[in-house]
Amino acid sequence: MSIPDSQRIFLDNNSTTQPLNEVVELVAEQYRTHYANPGSAHAEGRQARRVLEDAREQMASLLGSKPQEVIFTSGGTEAINLAIQGFLTGIPGEIALTDGEHPATVNTIRRLSSQGMKKRLLKIGTDGRIDQSQLPRLDWERIQLVTIILAHNETGVIQEIAPIADICEEKGVPLHLDCVQAIGKIPFNFQESGATAISLGAHKFHGPRGIGAIVVKEGARLLPQLVGGHQERGRRAGTEPVALAAGMAHALKCMLHDRESQSQKIAALRDRLQQALSEKCAPVVVNGSQQHRLANTLNISFPGLDGEALLISLDLAGISCSLGSACASGSRDPAPVMLAMNCEESVYRSAVRLSLSILNTSEEIEEAIRRISRVVNQLRS
């Protein structure tokens with residue numbers, strides 16, 4: 001018997017988050033009142049332009065950037081594509097990236113192979129963090145871009161960026177940070193990060209889907225990938241989605257208000273979930289660094305089980321979670337990041353990702369513990 005929607009527990013927040021009610025209401029109101037094209041010269045267009053630029057200024061203030069550095073996109077994937085392709089020189093070379101990056105990064109670079117671009121993998125350890133000692137040994141004469149996922153979508157592991165930013169600045173190589181999972185969850189300041197560009201998507205921090213941004217350091221050369229009109233200062237063509245931009249800015253403001261306190265609450269719920277499952281479902285393996293990870297993310301394996309069978313059983317039990325990135329669903333191949341961390345087959349074949357949000361409650365987590373442990377133990381018996 002299926003679980004009623006009202007009793008389901010959503011633990012797949014790294015795939016997407018539920019928009020905050022006030023964000024939904026704000027977006028709906030903007031659609032009603034500021035529906036005009038912000039590029040139009042008439043009064044309605046000027047009003048829409050003001051809303052758009054207010055959202056840009058708010059995003060810049062929250063991210064520690066300048067308003068003119070914020071370029072609105074359709075989401076994180078487009079922002080990543082624009083960053084990777086927009087910084088290239090047209091001369092064959094290499095792009096350095098973390099082993100086990102998000103498919104948006106990996107597949108963009110794969111398409112560039114026909115243009116003579118090769119990928120240079122930065123190895124990670126068993127904890128999922130980059131081995132910094134390999135950086136000086138790279139062929140920096142050939143590297144045109146370094147792209148790093150700041151907080152991993154599957155493991156939640158957070159990378160140490162400062163040494164990478166320092167060497168990129170020394171070598172004159174642009175640094176792009178995939179901040180899609182990080183923004184709204186950890187402290188971040190664009191100017192202080194040393195990055196040339198960052199990418200983000202609103203639906204990862206309780207904002208509307210269909211809107212994201214790339215933040216590009218002022219003066220950096222970035223070739224547009226969508227051509228048409230002169231929107232976004234000629235760097236991203238297409239009529240700007242005013243209502244969505246306003247919703248994204250408001251969602252980020254909400255997430256960063258009292259962020260530290262909220263983060264502590266989420267971490268406590270995650271830790272309770274991890275501790276209880278470790279006790280009730282032994283043996284288990286927690287994947288990736290437990291010290292350097294997002295407060296909301298638990299990637300956990302139940303050796304002896306098949307991850308897909310476990311996922312289906314959990315869904316039937318009313319637990320929404322993931323085997324990893326939703327962008328790679330439908331594939332039976334192991335998650336690249338698990339292979340990059342040298343996980344054993346019994347570990348990567350039985351891994352699930354449980355990711356929380358500010359909307360999860362302690363009551364939900366206690367119920368999730370009961371349901372997950374029951375499913376795991378039934379499958380093992």
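This is a predicted model: local features need pLDDT of at least 70, side-chain atom pairs count only at pLDDT 80 or more; totals for chains, interfaces and linings use all residues.
Glu232 sits in the loop between strand S8 (212-216) and H7. Check its backbone: phi of Glu232 is near 50 degrees, a positive value in a residue other than glycine. Most residues other than glycine have a negative phi.

Next, follow the chain into H7 and bring up H2. Helix H2 (residues 43-63) packs against H7 at an angle of about 30 degrees, and the two axes are 9 Å apart. H2 therefore counts as roughly parallel to H7, since the angle is under 35 degrees. The handedness of this crossing is left. To see the contact, pick Ala48, Val51, Leu52, Ala55, Gln58, Met59, Leu62 and Leu63 on H2. On H7, pick Val242, Ala245, Ala246, Met248, Ala249, His250, Leu252, Lys253 and Leu256. Colour the H2–H7 contact by class: 14 residues are nonpolar, two are polar and one is charged.

Helix H1 (residues 21-33) and helix H7 (residues 242-256) have axes that come within 8 Å and cross at roughly 155 degrees. That is over 145, so H1 runs roughly antiparallel to H7. H1 makes a right-handed crossing with H7. From H1, the contact takes in Glu22, Val23, Leu26, Val27, Gln30 and Tyr31. From H7 come Ala243, Leu244, Ala246, Gly247, His250, Ala251 and Cys254. The H1–H7 contact holds nine nonpolar, three polar and one charged residues.

Stop at two residues of H7. Ala246 and His250 are in the contact with H1, and Ala246 and His250 are also in the contact with H2.

Now hide those helices and show H8 with H12. The axes of helix H8 (residues 259-280) and helix H12 (residues 362-380) come within 10 Å, crossing at roughly 25 degrees. The pair is therefore roughly parallel. Their crossing is right-handed. Select Leu269, Arg272, Leu273, Ala276, Leu277 and Lys280 on the H8 side. On the H12 side, select Ser362, Ile365, Glu366, Ile369, Ile372, Ser373 and Asn377. By class, the H8–H12 contact divides into seven nonpolar, three polar and three charged residues.

Move on to Pro283. Pro283 lies in the loop between H8 and strand S9 (285-286). Display the backbone of Ala282 and Pro283: a cis peptide bond joins them, with omega about 0 degrees. Most peptide bonds are trans.

Last stop: empty space inside the protein. Rolling a probe the size of a water molecule over the atoms shows where empty space is left. With a threshold of 30 Å³ or more, the count is one cavity. The largest cavity has a volume of about 50 Å³. To find it, select its lining:

- Thr98, Asp99 and Ile124 are among the lining residues.
- Gly128, Ile149 and His152 are also among them.

Colour the lining of the largest cavity by class. Four of its residues are nonpolar, five are polar and one is charged.

Note on methods:
Residues are numbered from 1 along each chain as its sequence is written. Side-chain values use heavy atoms; hydrogens and water are left out. On a 1 Å grid over the protein atoms alone, a cavity is a set of points where a 1.4 Å probe fits but cannot get out, and a pocket is an open set with protein on both sides within 12 Å along at least five of seven lines; lining residues have an atom within 4 Å of a point. Grid points are joined across faces, edges and corners, and a volume is the space filled by probe spheres set on the points. Ala, Val, Leu, Ile, Met, Phe, Trp, Tyr, Cys and Pro count as nonpolar, Asp, Glu, Lys and Arg as charged, and the others, Gly among them, as polar. Axes are lines fitted to C-alpha atoms, for helices over the stretch in contact, and angles run from 0 to 180 degrees between N-to-C directions. Helices (H or I, at least four residues) and strands (E, at least two) are DSSP runs, numbered from the N terminus. Angles under 35 degrees count as roughly parallel, over 145 as roughly antiparallel, 65 to 115 as roughly perpendicular and the rest as oblique. A crossing is left-handed if the near helix is turned anticlockwise from the far one by less than a right angle, and right-handed if clockwise. Contact means heavy atoms within 4.5 Å.
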